[in-house]
Amino acid sequence: MTPREPLADAGLAGLRSDIAGEAHVPGDPGYDEARTVFNSMIDRRPAVVVQCAARADVVRGLRFAREHGLEVAVRGGGHSVSGMSLSEGGLVIDLRRMNAVTVDPENRTARVGGGAVMGDLDRATQPYALATTGGRVSTTGVGGFTLGGGSGWLERRFGLACDNLLAADLVTADGGTVRAAADENPDLFWALHGGGGNFGVATSLTLRLHELPVLTMMLLLFRPEDGPLAVRTYRDLMESAPDEAGGGCLYLTGPPEEFVPEHQVGRLICAVLVTYTGPEAEAREVAAPLLALDREADFITEIPYADLQCMLDDPPGQRNYWSAEYLDSFPDEAVGAFCSTAHAMPVPSGSQHVLFPLGGRVGRESGGFPVPWRSSPWAVHPFGIWGTAAEDEQGKAWVREVRAAVRPWAGGAVYLNFIGREGQERVVAGFGEENYERLAAVKARYDPGNVFHLNHNVKPSVAVV
């Protein structure tokens, strides 16, 4: 029996009449668009995609899935690298239409719809000179990003995204609704600070905002052979840098931008990005050791945060394969391992070989949340993006080579939003063993049947929270 057959009845007609959004099944004009995610490696055919326009649509969609025995996937931004926002032959709760952002500038908060992406949030807060920690591209979904912990350019100054989560509204597996906040269902509220989409469908989040009147970015470009010196200099700078400073080092294909020398376009190049939540003059003072280095080019400017968020957007329709290692230390030997593995990266391509600093507020404030990787000072993130299946073998091999090269300095914990399906041991490492046990107990309370399992899954236990 094909997925279409059990739905081609009054039940499907009833679903469509009951929701304010739309429901697409195979053969519908909008079906292929509805099932397409940013990673073109993922080609799955759900039985039905429910494009929700309101929370009631989510409730109705989950009920329909129960009635027809359909596996449930939840799509926010659709940025899960392994395609966890799609189910083969199942039902997709597609939240993209629920993307409204309401800013309360007086209380410095934003209420964000479950389908909003970073661009929606950042553009809404920018007119008020307010911001909160977002992902490093504008197309990431706010919900999955925040519930998974949320690492971004502003984290050293303002903490992880989950540190700024004030409340969340969820639809649970049985179609009920629940609100989580510090004084309301605190066990669930704790679990949402890194536990991901294991506990329900987040239809809205309330986030704390911070004043950000000015942001400076410095993008310094170096020849690959000068990369080790640039990376060491950045490392040394960040070890004593104020919370206002952030950024990272990355090897990438030289883009066709005006500030990039023509001979570097389309070829491997090493870049150091310094972000600074303050004026350019202060940023230059902090980054003085880097600015003293000989380099191919640079781009230094004060820039709206929302514009910075768009600069490294990964293009849709490409093939993606990522992973990460979080390091306890980053000595010269680790710098050498990081820099040398850049040369195996597919070039030209959209791939990025990235080193991020943590520290600052991220490392000082934990809130007891299930994000053990926050105490690591450095993260290495091979971010593979290429255009054709013929490049898959090279790209995947490069990602694995990077992980193996830096593993001697890795602590074991990992930010799960940065990786695909790498086994249950990595999932537990992403939360920490004790946290995982507590998460499993919360899971048992809110999703005992593990309906929401297309994620970095926490399996429900019978423990009492």
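A: A term to start with: a cavity is a set of grid points where a 1.4 Å probe fits but cannot get out. The model here is a predicted one.

Q: How many cavities of 30 Å³ or more does the structure hold?
A: The structure holds 2 of them.

Q: What is the volume of the second largest cavity, and what lines it?
A: The second largest cavity comes to about 40 Å³. R136, G152, W153, E155, R156, G246, G247 and P357 make up its lining. Two elements, α6 (155-158) and β13, each give two or more residues to that lining.

Q: How does that lining divide by class?
A: Into 2 nonpolar, 3 polar and 3 charged residues.

Q: Now pockets. How much space is in the largest one?
A: About 520 Å³.

Q: And which residues lie nearest its centre?
A: L252, P255, M311, L312 and Q352, out of 26 residues that line the largest pocket.

Q: Which strands supply at least two residues each to the lining of the largest pocket?
A: β12 (216-222), β13 (245-253) and β14 (268-276) each do. β13 also gives two or more residues to the lining of the second largest cavity.

Q: Which strand gives the most to the lining of the second largest pocket?
A: Strand β16 (residues 319-322), which contributes 3 residues. By class, the lining of the second largest pocket consists of 5 nonpolar, 4 polar and 4 charged residues.

Q: Back to β12. Is M218 buried or exposed?
A: M218 lies in strand β12. M218 is at 0% relative accessibility, so it counts as buried; the cut-off for buried is under 20%.

Q: What does M218 touch?
A: Leaving out residues up to four places away in sequence, M218 touches V272, L273, V274, E280, A283, R284, A287, L291, F299 and I300.

Q: Where is T172 found, and is it buried or exposed?
A: T172 is in the loop between β8 (165-171) and β9 (177-181). With a relative accessible area of 8%, T172 is buried.

Q: What does T172 touch?
A: Its contacts, again without residues up to four places away in sequence, are L62, V178, F199, G200, Y446 and F452.

Q: Switching to sheets. What is the strand order in the open sheet of 4 strands?
A: The order is β1-β2-β4-β3, with mixed pairing. β1 (22-24) and β3 (72-75) are the edge strands, each pairing on one side only. From one strand to the next, the twist averages 20°.

Q: In what sense do β3 and β4 pair?
A: Parallel, over 4 bridges, β4 being residues 91-94. A73 stands opposite V92 in β4.

Q: Which strands does helix α3 lie across?
A: Helix α3 (residues 55-68) lies across β2 (48-51), β3 and β4, and runs at about 175° to β4.

Definitions and conventions
Residues are numbered from 1 along each chain as its sequence is written. This is a predicted model: local features need pLDDT of at least 70, side-chain atom pairs count only at pLDDT 80 or more; totals for chains, interfaces and linings use all residues. Side-chain values use heavy atoms; hydrogens and water are left out. On a 1 Å grid over the protein atoms alone, a cavity is a set of points where a 1.4 Å probe fits but cannot get out, and a pocket is an open set with protein on both sides within 12 Å along at least five of seven lines; lining residues have an atom within 4 Å of a point. Grid points are joined across faces, edges and corners, and a volume is the space filled by probe spheres set on the points. Ala, Val, Leu, Ile, Met, Phe, Trp, Tyr, Cys and Pro count as nonpolar, Asp, Glu, Lys and Arg as charged, and the others, Gly among them, as polar. Buried means under 20% relative accessible area, exposed over 50%, partly exposed in between (1.4 Å probe, protein chains only). Contact means heavy atoms within 4.5 Å. Two strands pair if DSSP finds at least two bridges between them. Axes are lines fitted to C-alpha atoms, for helices over the stretch in contact, and angles run from 0 to 180 degrees between N-to-C directions.
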